[in-house]
Amino acid sequence: MAKLVILGAGVAGHTAALHAKRMLGSHHDVIVVSPNSNWNWIPSNIWVGVGKMPVSKVVFPLAPVYKKKGIDFHQARAVEIHPEGSDAHQRGYVVAESTKAGQEGTREEIEYDYLINCTGPKLNFGATEGLGPEGNSLSVCTSAHAEETSKHLAAAIERIKAGEKMRFVVGTGHGTCTCEGAAFEYTFNLDFALREAGVRDKAEVVYLTNEAQLGDFGVGGLIFTQQGFQTTSKLWTESFFRERGIQAILGAHCTKVEPGVVHYEQLDGSFHELSFDFAMLLPPFRGADLKAYDREGNDISDKVFNPAGFLKVDANYAAGGYENWRAEDWPKTYQSPMYDNIFAAGIAFAPPHQISQPRTSPNGTVITPAPPRTGMPSGMIAKAVVQTIVDRVKGVGAPAHEAPMTGMGAACVASAGMSFLGGSAAAMTMHPVVPDWQKYPNTGRDLKGTSGEIGLAGHWMKHLLHVLFLYKAKARPFWWIIPE
Amino acid sequence: MMVDRPLPIHQLFVKGIDMSDIDPQSQQSVMAAPLPTPATLKHRKNLFYQLLRFAAINVKMIRVIGSSHH
C-alpha cells in the first residue's frame, strides 16, 4: 500500500487529490494536508468583491467531499518536510500543525511514499509597508478579503451618492506581483458597479500596475488575429481602458501604502504618491513557510526551495539573462531534482524565471510581473504529476508524464461586469502559456490557439466555468469528465 | 442611470488630477488607442450575435484544452 501526501487543497492540490484517489482506488492512501477547511473558487472572488455574489457561492467545506471519496483530510499547515526520514521514521515525513478549532498548533508527523507540494502562495502583504486588509488597502485574494472589500465598496458608493467625488485605485501592491489579470478584472467590475449605481461620472478609476505596458498580464502580452490583422493585447487593452475611461499607471512598484495615499516608484526611477479613497491592491506571492531537513536534522531548505520559498523542480535555473531564455528552461515533470518522490504543482513550483521581459529601475528596483501559474495550468500540472505517481505505484515502467507550460495552452476569461444580459468579459486563449520564440519566431505563440474578444458571451463563459469547476471540485457524478 | 458609453475626457479627472501628474506616457498611449465603433458596442451585447460568439469561444477553448491534454 502506497501513501501519497498532498500539501494544500487549492486548484492544484484538490485536483491532485481527486484524481489520485480515482486512479489509485482504495488500496492506497491519499492524504491531504491543508490549513483551510473550505475550498474557494478564487476567480469568482472578483464578483464577491463588488457585491455581486455572496461568499457562500464561491466556497464549500472540503471535509464532506474527502469523506465521500475516501481521502484522508488533515486540517493542518505543513511546516517541515523530512525527505530522508529520521531515526523514528523509515520513510520521508511531513510535520504539520493543526489549524482545526480547539486543536490549533497541535503537531503531527505524517509519513509518505510520494509527496506533492501544492501549498500555493503565501500572500506576502508584508513586502510593502501598509499593504493589505490589516494595513491600508483592500484585497480580493481570499473570500473573506473579497467580502470585506465589497462592504467598503458599498459604503464608498453611498458616499458618492451623498455628494462626494472619489478616487479608486486598483492594481498590484509590489513590483514583483503576479495575477495582473485579477487586478484587471476587479478594475472593470468596479467600473461596471459604479456605472450600475449611476455614480461613475463622480469617480476616478486608476489602474496601478507593475506591468510595463497594458495587456502584459505577466505573460509578456499576446499577439493574436482580429479581423484579418495581427494585433497585440497592448492595443486591445488600451482600447478597453479608453472606452471605459480608466487611467493607467504602468511600471509601478508600490513602496508604501498610508491611509489614503499610495507611494510608488516607476521604471524610470521617479517616485510619486497618489491619494485615494478606496484602494484594492494585490500582494506579491512567496512560497509557504515550509522548511526541509535531512536525516541528521540539518536545514536543507535552500537546496530544496528557491529563495522565495518555491520548490525547485526539473527547470533550468541557470538560464541567465533574458536573451538566453528558452522554452526548454521550463519544467516538464515537476519532480524535485533532489528527491524523486517529491513533486510540486501550481504556484508552489519554482519557475525558472519570469515570462515577461525583466525590468529594473535605475535605483535597482525590480519591477516585473512574476509568472502566473494558476488556474488551468495549475490543474493540468497537478494531473500530470498524479499520473506519474500512479504509474510508479502500479509498477508501470513508463517515463514521467509531462505538462510543460511551453506546450500547454490556457483559457482565461477576465470578467468586466457581471450581469446575465448586460455583463461582459474579455475571453482569451493562448497557446502556449510561455511563448516559444524558437518555434513561433514572429509571435511567440501559435496564432491558431491564441485569441481575444470582448463581449457578453465572455461573461456567459465565465459563469459557465464558475458552475462547472464548482461541480467538479465537489466531485459530483462524472466530475472527472470536466477538463482541467 | 447606467452609463454605457466612453466617458468624456473631462469626467476622467473628477478629483482634479492633471494628466501630467499621472504617468503622461501611459495616458497618451491609452488615449491614442482606437475606440470601438457604435456597431461593435452593439454587437458585444446583441443576444443573437453573442450566442454565436459563445459557441465560437467554446470551440476555441475546447481546441486549446484538447491540444494541451496529452
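Predicted model: local features only at pLDDT ≥ 70, side-chain atom pairs only at ≥ 80, totals over all residues.
**View 1. Chain B, a helical chain.**
Chain B holds three helices and zero strands. Along the sequence the pattern reads α-α-α. Chain B has 70 residues, and 31% of them count as buried.

B:Arg44 sits in the loop that joins helix H2 (38-43) to helix H3 (47-68) of chain B. Is this arginine buried or exposed? B:Arg44 has a relative accessibility of 15%, so it counts as buried, the cut-off being under 20%. Neighbours within four places in sequence are left aside in the contact list. From chain A, B:Arg44 touches A:Phe240, A:Glu243, A:Ile454, A:Gly455 and A:Leu456. From chain B, it touches B:Pro36 and B:Gln50.

**View 2. Helices H1 and H8 of chain A cross.**
Helix H1 (residues 11-24) and helix H8 (residues 375-393) of chain A have axes that come within 8 Å. They cross at roughly 35°, and the crossing of H1(A) and H8(A) is right-handed. H1(A) contributes A:Val11, A:Ala12, A:Thr15, A:Ala16, A:His19, A:Ala20, A:Met23 and A:Leu24 to the contact. H8(A) contributes A:Gly375, A:Ser378, A:Gly379, A:Ala382, A:Lys383, A:Val386, A:Gln387, A:Val390 and A:Val393. What is the make-up of this contact? Ten of its residues are nonpolar, six are polar and one is charged.

Six bridges link S22(A) to strand S23 (residues 425-430) of chain A, in the antiparallel sense. A:Ala411 faces A:Thr429 of S23(A) across this pairing.

**View 3. A:Gly444 in the loop between S23 and S24.**
A:Gly444 lies in the loop between S23 and S24 of chain A. Its relative accessible area is 0%, so A:Gly444 is buried. Which residues does A:Gly444 contact, leaving aside neighbours within four places in sequence? They are A:Pro432, A:Pro435, A:Asp436 and A:Trp437. A:Phe310 is 134 residues away along the chain, and its C-alpha atom is separated from that of A:Gly444 by 26 Å.

**View 4. A four-stranded parallel sheet in chain A.**
This open sheet has the order S14-S11-S10-S18 in chain A, with parallel pairing. Strand S14 (247-249) and strand S18 (278-282) of chain A stand at the edges. Each pairs with a single strand, so each has one side without a neighbour in the sheet. The twist averages 15° from one strand to the next. Strand S11 (residues 203-208) of chain A pairs with S14(A) over three parallel bridges. One of them sets A:Leu208 against A:Ile249 in S14(A). Helix H4 (residues 143-161) of chain A packs on the sheet and touches strand S10 (166-172), S11 and S18 of chain A. The direction of H4 makes about 155° with that of S10(A). S10(A) is mostly covered, with seven of its seven residues buried. S10(A) and S11(A) share six bridges in the parallel sense, and A:Val169 stands opposite A:Val206 in S11(A).

**View 5. The S12-S13 hairpin of chain A.**
Strand S12 (residues 223-226) and strand S13 (residues 229-232) of chain A run antiparallel and are joined by four bridges. A:Ile223 is opposite A:Thr232 in S13(A). The hairpin has two residues between the strands. A:Gln227 takes a positive phi near 50° in this hairpin.

Conventions:
Residues numbered from 1 in each chain as written. Chains lettered and ligands numbered in written order. Heavy atoms only, no water. Buried < 20%, exposed > 50% of the residue type's maximum accessible area, 1.4 Å probe, protein only. Axes fitted to C-alpha atoms, helices over the stretch in contact; angles between N-to-C directions. Left-handed = near helix turned anticlockwise from the far one by under 90°. Contact = heavy atoms within 4.5 Å. Nonpolar A, V, L, I, M, F, W, Y, C, P; charged D, E, K, R; others polar. Pairing = 2+ DSSP bridges.
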